[in-house]
Amino acid sequence: LNDDQFAKISVIFASNTSGKTRLSKLFCDRDENKSVLCYNAFLEDCFNWDNERCIFNICECWAKKLIEDEGLDTQIIDNFQRFANATIEPRFDLRKGEVIFRLIGDDEYKGNIKISKGEESLFIWSVFYTILQTALENLVESVDNRTTEYFNNLKYIVIDDPVSSMDDSRIISVALAVVELLDNIVKAQDELAQKLGVLVTTH
């Protein structure tokens, strides 16, 4: 196979403050037709804590709409527990735009918990990872068989530093998941492989 039959995948390693997030934003700023699917700090800012109630809020954004429209909450929970390898269960209330976290198997404590910064990063990554899985599943289908039109113009996947605040074992889990997804892109139908460009930046 020649190079034109493979997705164009670039990985950039750079230290903090070198402009990785600004680079990812350049892609998003030029996005006129939903041609970019991007994980970066701006996606992370769509989530914030109500510390008094220990509730993780999701603002009105493209990610929340996709979770609702495609019914991705269960898949996100499964992916989060896969990456976190922890006894924590997220529970969605998409009507209110809220997520709570509960301890599995702790019959004594029934309240919501606030998860660590690393677990928070894993949860947001799980949201993006699930959306990306959905995008790739849709793109290998004919247009008439797709569950959503949202990804029809997708040209670029940009992943900026998805391992922030994670410990080493979880970084490995996320890295392997990224490799698996990129491998799926490369092995996909020729039309999809030729269409998508992938940029991953990390430190």
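Helices (H or I, at least four residues) and strands (E, at least two) are DSSP runs, numbered from the N terminus. A cavity, on a 1 Å grid over the protein atoms alone, is a set of points where a 1.4 Å probe fits but cannot get out; a pocket is an open set with protein on both sides within 12 Å along at least five of seven lines, and lining residues have an atom within 4 Å of a point.

This is a predicted model, in which local features need pLDDT of at least 70 and side-chain atom pairs count only at pLDDT 80 or more, while totals for chains, interfaces and linings use all residues. Residues are numbered from 1 along each chain as its sequence is written, and side-chain values use heavy atoms, with hydrogens and water left out.

**Whole chain**

Start with everything shown. The protein has seven helices and eight strands. Of its 203 residues, 46% count as buried; buried means under 20% relative accessible area, exposed over 50%, and partly exposed in between (1.4 Å probe, protein chains only). The protein exposes about 11,000 Å², and carbon and sulfur atoms supply 47% of that area. Accessible areas come from the Shrake-Rupley method with a 1.4 Å probe; for residues, only the protein chains shown count as cover. Now the contacts (heavy atoms within 4.5 Å). Among those with a separation of 6 or more, 69% join residues 24 or more positions apart.

**Largest pocket**

Select Val11, Ala175, Val178, Val200 and Thr202. Of the 14 residues that line the largest pocket, these lie nearest its centre. Next, colour strand 1 (8-13), helix 6 (168-187) and strand 8 (197-202): these are the elements that give two or more residues to the lining. Which element gives the most to the lining of the largest pocket? Helix 6 does, with six residues. The volume of the pocket is about 260 Å³, a volume being the space filled by probe spheres set on grid points, which are joined across faces, edges and corners. By type, the lining holds 12 nonpolar residues, two polar and no charged. Here Ala, Val, Leu, Ile, Met, Phe, Trp, Tyr, Cys and Pro count as nonpolar, Asp, Glu, Lys and Arg as charged, and the others, Gly among them, as polar.

Move to residues 55-58, strand 4. Ile55 and Asn57 point one way, Phe56 and Ile58 the other, and all are buried. Strands pair if DSSP finds at least two bridges between them. Strand 3 (residues 47-50) runs antiparallel to strand 4, joined by four bridges. Pick Phe47: its bridge partner in strand 4 is Ile58. Then show strand 6 (residues 98-103), also antiparallel to strand 4, with two bridges between them. Asn57 has Glu98 as its bridge partner in strand 6.

**Cys54**

Select the loop between strand 3 and strand 4, where Cys54 sits. The hairpin has four residues between the strands. Most residues other than glycine have a negative phi. Cys54 is not a glycine, yet its phi is positive, about 55°.

**Two loop stops**

Go to Asp45, in the loop between helix 2 (41-44) and strand 3. Is Asp45 buried or exposed? Asp45 is exposed, at a relative accessible area of 59%.

Finish at Leu94, in the loop between strand 5 (88-93) and strand 6. Leu94 is buried, at 15% relative accessible area. Show Lys64, Ile67, Glu68 and Asp73, which Leu94 touches, not counting residues up to four places away in sequence. Lys64 is 30 residues from Leu94 along the chain, with 7.8 Å between their C-alpha atoms.
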